[in-house]
Amino acid sequence: MDREPAFSDYVAARRAKLFRTACLLCGDSHRAEDIVQDTLARLYANWVRVTRADDVDAYVRRILVNSHYSDRRRPWRRETASTTPMDLPLDPGIAPEDADAIWTAIRSLPPGQRKVVVLRHIWDLTVEQTAADLGISTGTVKSQTRDALAALRRALAPDFGRASLQGEER
Amino acid sequence: MIDDDVITRLVDLHDHIKPPETPFGADAFRGCRRGSAGSPRRDDRR
């Protein structure tokens, strides 16, 4: 069967982005590994059909987001408050305190806003593409994007952001 | 533009997240072989 080399090539090219996306979506690097593994297992099972599609990334992205939904529905995987210490593995080149501030801010967003921000600004999707991926209206995408960016802006503003987040965590 | 700065910082964090060393592909292959009919964890999703 020749799907395995093609699948492996795709995974090698994309697994880092999928893991990073999953981290931002679920706010937990360990859960992100599970989500990516689940996504790739489903991709492999449907590889022949998926590769006939115009945009494999779009298909994979939807699986990833749906895996995130499925994962959240499991009772032992409920969202927890963003009060745990940062355990995100990082490559060199980013200041730890800056990474911690952004990580805390993104985790403080409601899951819906987090998804919209990730799809719009990490995957560079249009409003229409994001709406189609998530099965919501373009108006909802716009309002959630606006609310998410406003929340991130408040959280990341010097002094105010840190003080505000620390207050929310108590 | 402040939103640009927020997005830049978010993208910067994203770009510096370190993926695990273990190849995900290998895990996915094992999952498919272990399961049935192409959905290795179907029972988990009721």
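Helix 5 of chain A and helix 8 of chain A pack at an angle of about 145°, with their axes 9 Å apart; helices here are DSSP runs of H or I with at least four residues, numbered from the N terminus, and strands are runs of E with at least two. The axes are lines fitted to C-alpha atoms, for helices over the stretch in contact, and the angles run from 0 to 180 degrees between N-to-C directions. On the side of helix 5, the contact is made by A:Ala101, A:Ile102 and A:Ala105, while helix 8 contributes A:Leu152, A:Ala155 and A:Leu156, where two residues are in contact if their C-beta atoms, placed from the backbone, lie within 7 Å.

This is a predicted model, in which local features need pLDDT of at least 70 and side-chain atom pairs count only at pLDDT 80 or more, whereas totals for chains, interfaces and linings use all residues. Residues are numbered from 1 along each chain as its sequence is written, and chains are lettered from A and ligands numbered from 1 in the order in which they are written.

Chain A as a whole has nine helices and zero strands, and chain B has two helices and zero strands. Of the 170 residues of chain A, 39% count as buried, and in chain B buried residues make up 22% of the 46 residues; a residue is buried if 20 or more other C-beta atoms lie within 10 Å of its own, exposed if 12 or fewer, and partly exposed in between, with C-beta atoms placed from the backbone.

The largest nonpolar core has 45 residues, and those with the most contacts inside it are A:Ala22, A:Cys23, A:Ile102 and A:Leu152. Such a core is a set of buried Ala, Val, Leu, Ile, Met, Phe, Trp, Tyr and Cys residues joined through C-beta atoms within 7 Å. Among the elements that give two or more residues to this core are helix 5 (96-107) and helix 8 (138-156) of chain A, together with helix 1 (2-16) of chain B, but helix 1 of chain A gives the most, with 10 residues. Leaving aside residues up to four places away in sequence, A:Ile102 touches A:Leu156 as well as B:Arg9, B:Leu10 and B:Leu13 of the other chain.

A:Ala53, by contrast, is found in the loop between helix 3 (47-52) and helix 4 of chain A, and A:Ala53 counts as exposed because it has 12 C-beta neighbours inside 10 Å.
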